[in-house]
Amino acid sequence: PARSFPAVIDQLSALLTAQLEKLRSQGVAVLEVVVAQTGALDYTSGTVRFSSSLGWHDAPLLEALRSALARDLPEDAALPELAMENDAKLAALAAYGDYARKGVRHLLYLSGGEGVGAGIIADGHLLRGWYGSTGEVGHMPVETDGQVCRCGRRGCWETLIGLHSLTAIYPPQDPVHDDARSLVSRIAMLRERFDAGDQVLIERLAQAQHDLERGLAILVDVLNPQVIVLSGWLAAFDDILLAPTAASLEARRLDDRPAVHLLASRLGPWAPSLGAALVSLEPVLADPTVLQPQD
C-alpha cells in the first residue's frame, strides 16, 4: 500500500510542503522541484509510462503532485515549477562532472537497488531515448529460461543482480526484506553479514559477480563507455566485485586501446538528489532574470 500511486503522492506532498515552508521561513525561494523517479518517463506530460519497481503504468506524477501541493501548501505560498527525471539518469549527471573535467565523454552509471537501471552519457550528453526508457538495462534478456521479472519478462538482468537476488536467500520474515527500512540500511545489513562470514551470502555474491560481468560485457560492446560507475549495493561490495569484473572485461577487449575503467560511486544515496539540483539550475543558467528579489 505504501507504494501505491496515491500513497506516494501524499507522502511526497507532505515531505515537500514541510521543506518548502521551512525554506520560505528562511527567506529562500524555490523556483523548481525535480522529482527523481524510477522507470520510463513521458517528459512532455509529466507521466510515468511504467515503473516495474513500483508497479505503475501511465501514472500522472507531476499533475497529481501539483494538485496535492496546491491542497497542502498555505494559500499565500508560491507553488514551484515541477519537473521529473529518471533517478539513474540524475545520478549519472551528478557523477559525470568530475569525469568530464578529466576529458571523459562517454560514461555508464549503473544503479544497483531494488531494480537495476543505468544513466548513459554519450559524447557528453545524457541519453533519454524517444520513449524515455533509455537505460532500462535491468530488463536486458540475459538468461532466456531464467526467473520471471517484476516487469513480466523472463530472464531479465535484474533478476540476477538486483538487490532481491541477494535478499532472496533469507526467509520472508528476515528484516532485510522490510520495505519500511531504507535501502541504505538494508544494504548495510547485508554488508555486515558478509563481513561476519555469512557463507550463503558469500556464495551468492560470487554468482552475482559473474552475472554482473555477463551484462556489462554486452553494454561495453554496445555503448563503448570510457568509464563505468557502479552504485547502490554494487558499490557497497566494490572490494568483491570490481577486480574480477574489470579483469573479465579486460580479457574481452577486441583491441589494446579501448580499455574501460570500472569504478564505484562515492556519492552514496544522494547522487540522484545532486543530479536533480543540477537540473533545477538549468532554467537559471538559461535566464538569470528568473531570479527575482523576495519581498
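## Helix 7 meets helix 9

Let's start with a pair of helices: helix 7 and helix 9 (residues 238–251) pack at an angle of about 40°, and their axes are 9 Å apart. Keep in mind that this is a predicted model. Helix 7 and helix 9 are therefore oblique to each other, and helix 7 passes helix 9 in a right-handed crossing.

Who makes the contact? From helix 7 come Leu205, Gln209, Leu212, Glu213, Leu216, Ala217 and Val220, while helix 9 brings Ile240, Leu241, Pro244, Thr245, Ser248 and Leu249. Sort these residues by type and you get 9 nonpolar, 3 polar and 1 charged.

An α-helix has 3.6 residues a turn, so residues three or four places apart point the same way.

## A look along helix 7

How far does helix 7 reach from its first C-alpha to its last? Helix 7 covers residues 199–223, which makes 25 residues, and it reaches 36 Å, close to the 36 Å expected at 1.5 Å a residue.

Both ends have something to show. At the start of helix 7, Asp198 has a side-chain oxygen that reaches to within 3.2 Å of the backbone nitrogen of Val200. After helix 7 comes Asn224, with a positive phi near 55°.

## Helix 1 meets helix 2

Now for another pair. Helix 1 (residues 5–25) packs with helix 2 (residues 61–72) at an angle of about 50°, and their axes are 9 Å apart. Helix 1 and helix 2 are therefore oblique to each other. Here, too, you can look for the handedness: helix 1 passes helix 2 in a right-handed crossing.

On the helix 1 side, the contact is made by Phe5, Ile9, Asp10, Leu12, Ser13, Ala14, Leu16 and Thr17; on the helix 2 side, by Leu61, Ala64, Leu65, Ala68, Leu69, Arg71 and Asp72. These residues divide into 10 nonpolar, 2 polar and 3 charged.

## Helix 3 meets helix 10

How do helix 3 and helix 10 lie relative to each other: oblique or roughly perpendicular? The axes of helix 3 (residues 87–100) and helix 10 (residues 271–286) come within 7 Å and cross at roughly 75°. Angles of 65 to 115 degrees count as roughly perpendicular, so that is the label for helix 3 and helix 10.

Helix 3 uses Asp87, Leu90, Ala91, Leu93 and Ala94 in this contact, and helix 10 uses Ala271, Pro272, Leu274, Gly275, Ala276, Leu278 and Val279.

## Asp179 and its partners

You'll find Asp179 between helix 5 (163–167) and helix 6 (183–195). Setting aside neighbours within four places in sequence, Asp179 is in contact with Arg3, Glu114 and Arg186.

Take Arg3 from that group: Asp179 and Arg3 are 176 residues apart in sequence, yet 9.8 Å apart in space, C-alpha to C-alpha.

Note on methods. Residues are numbered from 1 along each chain as its sequence is written. This is a predicted model: local features need pLDDT of at least 70, side-chain atom pairs count only at pLDDT 80 or more; totals for chains, interfaces and linings use all residues. Side-chain values use heavy atoms; hydrogens and water are left out. Axes are lines fitted to C-alpha atoms, for helices over the stretch in contact, and angles run from 0 to 180 degrees between N-to-C directions. Helices (H or I, at least four residues) and strands (E, at least two) are DSSP runs, numbered from the N terminus. Angles under 35 degrees count as roughly parallel, over 145 as roughly antiparallel, 65 to 115 as roughly perpendicular and the rest as oblique. A crossing is left-handed if the near helix is turned anticlockwise from the far one by less than a right angle, and right-handed if clockwise. Contact means heavy atoms within 4.5 Å. Ala, Val, Leu, Ile, Met, Phe, Trp, Tyr, Cys and Pro count as nonpolar, Asp, Glu, Lys and Arg as charged, and the others, Gly among them, as polar. The expected span of a helix is 1.5 Å times one less than its number of residues. A polar contact is a pair of N or O atoms within 3.5 Å; within protein, one must be able to donate a hydrogen and the other to accept it, and residues adjacent in sequence count only if both atoms are side-chain atoms.
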